[in-house]
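Reader: I would like a close look at one part of this model, the surroundings of a ligand. Please go on from there to the strands and the core.

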Amino acid sequence: MEMKKHAAIFWERLAELDASDYKPYLPSQNELRRPPTVEINNTCNINCLMCNTLMAKRQKGVIKDDLLIQVLQELKAEGVEAVDVHTIGDPLANPRLPQILAVFREVGMILVLSTNGLLLERHLDTLLEYRDISSHIRFSIDGATKETYELIRAGGKWNDLLHNIQLAKEELLPRGYSISSNMVLSNDNVHEVGQFIQLFRQFIDPRWMSFGFMNSLSPDTSYFHRVNLFPEATFPNRPCQLPFRSLWVHHDGAVSSCCRDYHGELIVGDIKNQSIRDVWNGHVLEKLREAHRKGEVKDYRLCDNCFIVDDRIVALFNALMEYLVRKEPYGPAEYYQEKVDRFTEIIQSGGPFEPKFSQPMFVKEILSIR
Ligand SMILES: C[S@@+](CC[C@H](N)C(=O)[O-])C[C@H]1O[C@@H](n2cnc3c(N)ncnc32)[C@H](O)[C@@H]1O
Ligand code: SF4
């Protein structure tokens, strides 16, 4: 009965995907749907291959308190209750984290941390002190072995990760924190998904593990092209949803329309002399939206070079993983890996794009989801 329920969730997700158009959905109006991001720093302690923040030309820095107070108060007045605090860079690499969290508390704004986790121990006391405004941490982990992790998360040490995630389990989880993970998949690590679930489920509820596929946003796209799992299902990201959905306030007050604007190429305003609302409704952002509506983005280098894996594949993969970990929460690594390998093989061999995702061969016979 339980199993049927999980399968039903998977089938529902599949039906939604079948009903959706091949091209990305174009928002009919501009709504600040996704919480805005306030970048508290753009510095990082490591340099992951698919991200490569070292190549960013934007000046490195940490947000100043007065600017932070101004932007948080403005967002609060707009009804925003929680913000992300990263673009490129790692929030735990911010040496002023305690002061920054004090500002968040003063304004009454919640923040969500996404981090490589390697500097968690340094901030443990701070995180415990401010758990009223910061109670969720997403660990970005792209491997289940020392070799793969240290290859992709360049500069990161596998043993440091294990130590810090253990600390999170012992110190943060019992005091009200929740923990999730994000793994960016590529040819370099897709073979470790099963092992990843088996190893990290002692720290993270597998239902809170999300899996993404790499996009081409890094200034150096050579790694992306070398290890992209699904080149045949990779498309120009237009119309992109982001200009219609959210804003990224940089540490110096400039506002970008892209989640990973390494060089400040998509700046649509500046909160030092404009309100957030004015930026959101301003002509610079509207011009960008219009370019995306028409699919003519050649004047925007960043957008013109932005490629993503068909987001239905991402959704389907995550639906599959959710089904598997609900059905077999304590299965061996091979159980999950076998399905991941089959999934990858099918998508790589060109299917099942047409006519529908839910071709019986794909779902019933190959993935054995009934
Ligand atoms: C840019 S990082 C910044 C926050 C923090 N340093 C971290 O690693 O979580 C935010 C997320 O983007 C992911 N990411 C980095 N480069 C990516 C790429 N080329 N494609 C897809 N996701 C990527 C990371 O794995 C991470 O989960
Ligand atoms: S993904 Fe995060 S940890 Fe890795 S280089 Fe980018 S900002 Fe740093």
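Author: By class, the shell around ligand 2 holds five nonpolar residues, five polar ones and one that is charged. This is a predicted model, and the shell is read from it as such. The residues that surround ligand 2 include C44, I46, N47, C48, C51 and T53.

Next come the strands. S140 lies in strand β4, which covers residues 136-140. Strand β3 (residues 110-115) runs parallel to β4, and three bridges join the two. The path of the chain from β3 to β4 goes through helix α4 (residues 124-129), and this β-α-β crossover is right-handed. T115 has F139 in β4 as its bridge partner. β4 is also joined to strand β5 (residues 178-185), here by five bridges, and this pair is parallel as well. Within it, R138 stands opposite S180 of β5.

In soluble globular proteins, nonpolar side chains tend to be buried together. The largest nonpolar core of this model has 91 residues, and L72, V255 and V279 are the members that touch the most others. Helix α13 (residues 311-327) gives the most to this core, namely eight residues. For L72, the contacts beyond four places in sequence are V38, V103, F104, V107 and M109.

Key. Residues numbered from 1 in each chain as written. Chains lettered and ligands numbered in written order. Predicted model: local features only at pLDDT ≥ 70, side-chain atom pairs only at ≥ 80, totals over all residues. Near = placed C-beta within 6 Å. Nonpolar A, V, L, I, M, F, W, Y, C, P; charged D, E, K, R; others polar. Core = buried A, V, L, I, M, F, W, Y, C linked by C-beta atoms within 7 Å. Buried ≥ 20, exposed ≤ 12 C-beta atoms within 10 Å, placed from the backbone. Helix = DSSP H or I, 4+ residues; strand = E, 2+ residues; numbered from the N terminus. Contact = placed C-beta atoms within 7 Å. Pairing = 2+ DSSP bridges. Right-handed = clockwise from strand over helix to strand, strands pointing away.
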